[in-house]
Amino acid sequence: MASSASLTLSVQTSIQPSSSSSNHVFQSLPPTSTLHFPSSCNNNLNNKRSLSVTTTTFSEQKWRTRVSFFPSFMKSGKDSKTIKEELLEAIAPLDRGAEATPEDQERIDKIARELEKVNSVKEPLKSDLLNGKWELIYTTSASILQTQRPKLLRSRANFQAINADILRAQNMESWPFFNQSQSLTIEVRTSKNEVNYAYEVTADLTPLNSRKVAVQFDQFKILGLIPVKAPGRARGELEITYLDEELRVSRGDKGNLFILRMIDPSYRVPV
């Protein structure tokens, strides 16, 4: 003779949502859940028992709107193109950094660090993208910006060329410019219409790792014609923290930030 029985158990639940949770995942949990236990036995003495749990659940719409299966850290961030556009927009009104306030400098440094995080060229000293002539579009170096001088007497533009294959670099500065003896020099052009800069200096590079070099300046030139040997103390370090075919970000050993754009990838540093 078959027999059956069932047992219904009501369980009171009280779950309070965390006040710190913005999703309030537990806010719609029902106060009561019902557990139903049917049981049966047959003549073959094989007892079969089953357990079913019946409870009110979230609606599909509420679940979808309140719970994210993809946390923010798993979502893709800004790409290099977007960050570069943001960086260039921030730099544009600052006269290469001469007009930057401390707040501007902090903001640009933050954007530059975002760009450095997505740098795809891990060994820039081995990359052909490094070679050529770059124009300085932003720096925090007061000595390069010449902020201690009246605006009309500051250099108009700064350039840096690097040839990693021969480990040579060259810095060039346009007019107006006052050298260390405070005599005025100007930019001149040769018969081939090539620019002789008001001031330039060449340097040897010594790799310290795959993206950092020691810089030893060896010769200054005034008007591109008058050579002056650089003193032994004219040295520093430069780390290339971001590089692509258009933009380069570098940091100096004194904590200065340099942002440059490529203008002539075919340019070669004089040997």
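Gln146 counts as buried, at 2% relative accessibility (buried means under 20% relative accessible area, exposed over 50%, partly exposed in between, with a 1.4 Å probe and protein chains only). Its phi is near 55°, a positive value in a residue other than glycine. Gln146 lies in the loop between α4 (142-145) and β6 (158-163); helices (H or I, at least four residues) and strands (E, at least two) are DSSP runs, numbered from the N terminus. This is a predicted model, in which local features need pLDDT of at least 70 and side-chain atom pairs count only at pLDDT 80 or more, while totals for chains, interfaces and linings use all residues. Residues are numbered from 1 along each chain as its sequence is written, and side-chain values use heavy atoms, with hydrogens and water left out.

**Chain overview**

- The protein chain contains four helices and 17 strands.
- Of its 271 residues, 34% count as buried.
- Among contacts between residues at least 6 apart in sequence, 57% join residues at least 24 apart; contact means heavy atoms within 4.5 Å.

- Arg96 is placed in the loop between α2 and α3.
- At 14% relative accessibility, Arg96 counts as buried.

**Helix α2**

- Helix α2 covers residues 80-91, twelve in number, and reaches 16 Å from its first C-alpha to its last, close to the 16 Å expected at 1.5 Å a residue. The expected span of a helix is 1.5 Å times one less than its number of residues.
- The buried residues of α2 are Ile83, Lys84, Leu87, Ala90 and Ile91. They cover an arc of only 130° around the axis, which puts them on the same side of α2; the arc is that of the directions from the helix axis to the C-beta atoms.
- Lys81 and Glu89 are exposed, on the face of α2 turned away from its buried side.
- Packed against the buried residues of α2 are α3 (102-117), β5 (132-139), β15 (235-243), β16 (247-252) and β17 (257-264).

**Helix α3**

- The 16 residues of α3 should span 22 Å at 1.5 Å a residue, and the end C-alpha atoms are 23 Å apart, which agrees.
- In α3 the residues Ile108, Ile111, Ala112, Leu115 and Glu116 are buried. Viewed down the axis of α3, they fall within an arc of 145°, so they line one face of the helix.
- The other side of α3 carries the exposed residues Pro102, Glu103, Glu106, Lys110 and Lys117.
- The cover over the buried residues of α3 includes α2, β5, β15, β16 and β17.

**Largest pocket**

- The largest pocket holds about 1,400 Å³ of space. On a 1 Å grid over the protein atoms alone, a pocket is an open set of points with protein on both sides within 12 Å along at least five of seven lines, and a cavity is a set of points where a 1.4 Å probe fits but cannot get out; lining residues have an atom within 4 Å of a point.
- Grid points are joined across faces, edges and corners, and a volume is the space filled by probe spheres set on the points.
- The pocket is lined by 47 residues, of which Ser143, Ile144, Asn171, Tyr199 and Phe217 lie nearest its centre.
- Its lining has 23 nonpolar, 15 polar and nine charged residues. Ala, Val, Leu, Ile, Met, Phe, Trp, Tyr, Cys and Pro count as nonpolar, Asp, Glu, Lys and Arg as charged, and the others, Gly among them, as polar.

**Cavity**

- The count comes to one cavity of 30 Å³ or more.
- The largest cavity has a volume of about 30 Å³ and is lined by Leu125, Ile162, Leu205, Val213, Leu238 and Ile240.
- By class, that lining has six nonpolar, no polar and no charged residues.

- Val215 sits in strand β13 (residues 212-222) and counts as buried at 11% relative accessibility.
- The C-alpha atoms of Val215 and Thr202 are separated by 9.7 Å, at 13 residues apart along the chain.
- Beyond its neighbours within four places in sequence, Val215 is in contact with Ala203, Asp204, Leu205, Ala234, Arg235, Gly236, Glu237 and Leu238.
- Tyr267 is found in the segment after β17.
- Leaving aside neighbours within four places in sequence, Tyr267 contacts Gly132, Lys133, Ala161, Asn163, Gln170 and Met172.
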